[in-house]
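Please consult the sequence and structure shown here.

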Amino acid sequence: MPVTTTSWLSKVGLAACVALSAMAPAAHALTAEEAYSISGGDNDARIAALQKLAPKGDPALTPLLQALMNDAVKVSGTKVYVIADDGQAQDAVTGQAATLPADAEDVVNNNRMSVEIEAALAAGKLTSPEVSVRAEAIESLANAADESKLPVIDKALSTESDAALIKRLKAVRNKALLGAQDPAKRIEAAKALADDASPDSRALLMERLQDGAESDPAVQSALRAALDEVTRTLKWGEHAGVVFTGISLGSILLLAALGLAITYGLMGVINMAHGELMMIGAYATFVAQNLFRQYLPGAFDWYILLAVPASFLAAALVGAVLERTVFRFLYGRPLETLLASWGVSLVLMQLVRTVFGAQNVQVENPNWMSGGFDVLSNLTLPYNRLAIIAFAALVLVGMTLLIAKTRMGLFVRSVTQNRPMASCMGVNTAKVDTMAFSLGAGIAGLAGCALSQIGNVGPDLGQNYIVDSFMVVVLGGVGQIAGTVYAALGLGLINKFIEGWAGAVLAKIMVLVIVVISIQKRPQGLFAMKGRSAEA
């Protein structure tokens, strides 16, 4: 087949391209001068040289940097040697075995040089498929963030897919921009930090202003405006956080006090063992967790579906036994009831120590209750706290409907308001007493189940809440469920607001003082009974 002129020219052109590509300079390779520039001499000069070399992405640079981090580099004249694990010296540029000169000296890195080396090594890890590796690399970059790292950061931002890491990379970029030579870039960083409005942003802005590192008036003005904006936003987050923690504490106090609102508020029994009934509910949750872990590990995240009824039934059963064997003989005798229930609490604590041991046990949160919901940069709402608030609301609604709308609730109200008349109408008052006491104990068990999700479970768990529970019931008004709700939430919020101002110990003291003053002004509580119930 004849060869045409066009095809012949094409072949010639192709051959020429191959020849030119062979003659073209190869990708950057580490030279002996560059190896010495980052290994020998003054540390400041070494840092400057490394900042120039690192963005080139030379693969030969990584082994040398790793050797520098491991203190396995020696210098003789302008030659750089890497000491392998077997003690053999190698040329830092070629990697070939070499004879180490007698005058070779160790390379010593100061802290700044070590940080720069870590940042340079981290650049190669930013493309790792593992999120944890990339996160570690970003933190290394953050420690040495400056204008020279911007190309690496921008490249990582263009390929990163994880939202949390993107946010962190943007923060590192802002930190690097703050030290840029161009004032416009520093102003850009100030505006970006104002939009971010995180504690880290505030720290960076304050550091830049306080150290006198910024001399440009326009940039100083932008930094101050950004700092004011960040401070305002963070204050909103702090106030919202205090409100949330107050509501969270109030929901816990509400759960702890709801059962007591029945046994003390409706039945008049001063039950000092109420905290131990909460403890029993918490240990029932612990047992349910272990059963799921042993027999249904695949469904472990749903052990709470068994723990809730188990904690209620376990505490209710103990409450029924206590009412039938102890408290039914002491109705109308509050002092004897107080002393007897205190003794019962000691017996229950010792029984739990005998069965489960004296050490605290840990109840794990299901996966869907772990973590939190980020509202602001300084405000995260934990899922377990949100779940407890919702759980307390459900228990409150359920108990209110039970007392107000069911036949059992009608019997409980009739017996507590006028026992002789209820008995004359054919109500089995002894049975109603047992059911009411069991209900109060069961709700205490539910409180223990909720408490197990936010802390360790131990024999002394209930002792931390018994005094607060009585304060809630007395402050709200004896026998008044609505008063219990307002008192629990009110005390929770007041306690957290005072705690942020005066500390935890003084907050407890001041809350107690507020309760005492309130009772002096309103002896029957915030929501006192009216009509015949108040005269009973």
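The chain as a whole averages a pLDDT of 83, and 91% of the residues score at least 70. Residues 1-27 have a pLDDT below 50, and this stretch has one contact in the model beyond near neighbours in sequence. Where pLDDT is low, the predicted coordinates should not be read in detail.

This is a predicted model, in which local features need pLDDT of at least 70 and side-chain atom pairs count only at pLDDT 80 or more, while totals for chains, interfaces and linings use all residues. Residues are numbered from 1 along each chain as its sequence is written, and side-chain values use heavy atoms, with hydrogens and water left out.

Four strands form an open sheet in the order β3-β2-β1-β4, with antiparallel pairing. Because β3 (89-91) and β4 each have a single partner strand, they stand at the edges, and one side of each is left without a neighbour in the sheet. Helices (H or I, at least four residues) and strands (E, at least two) are DSSP runs, numbered from the N terminus, and two strands pair if DSSP finds at least two bridges between them. The pairings of β1 are as follows.

| Strand pair | Sense | Bridges |
|---|---|---|
| β1 and β2 (residues 79-83) | antiparallel | four bridges |
| β1 and β4 (residues 105-106) | antiparallel | two bridges |

V75 stands opposite V80 in β2 and opposite E105 in β4. In the hairpin of β1 and β2, two residues lie between the strands, and G77 takes a positive phi near 65°. In a regular strand the side chains alternate between the two faces of the sheet. In β1 (residues 73-76), V73 and V75 point one way, K74 and S76 point the other way, and all are buried. Buried means under 20% relative accessible area, exposed over 50%, and partly exposed in between (1.4 Å probe, protein chains only).

The structure holds five aromatic pairs. Among them, the rings of F300 and Y303 have centres 5.1 Å apart and planes at 40°, so this pair is tilted. Rings of Phe, Tyr and Trp (its six-membered ring) pair if their centres lie within 6.5 Å; planes under 30 degrees apart count as stacked, over 60 as edge-to-face and the rest as tilted. F300 is buried at a relative accessible area of 14%, and Y303 is buried at 0%. Ring pairs also link Y283, F286 and F356 into a cluster.

Y303 is also one of the residues that Q453 touches, not counting residues up to four places away in sequence; the others include T285, I304 and M369. Q453 lies in the loop between α18 (429-451) and α19 (466-476), and with a relative accessible area of 5% Q453 is buried. The side chains of Q453 and N365 are joined by a polar contact of 2.7 Å. A polar contact is a pair of N or O atoms within 3.5 Å; within protein, one must be able to donate a hydrogen and the other to accept it, and residues adjacent in sequence count only if both atoms are side-chain atoms.

Note on methods
pLDDT is the predictor's confidence in each residue, from 0 to 100. Contact means heavy atoms within 4.5 Å.
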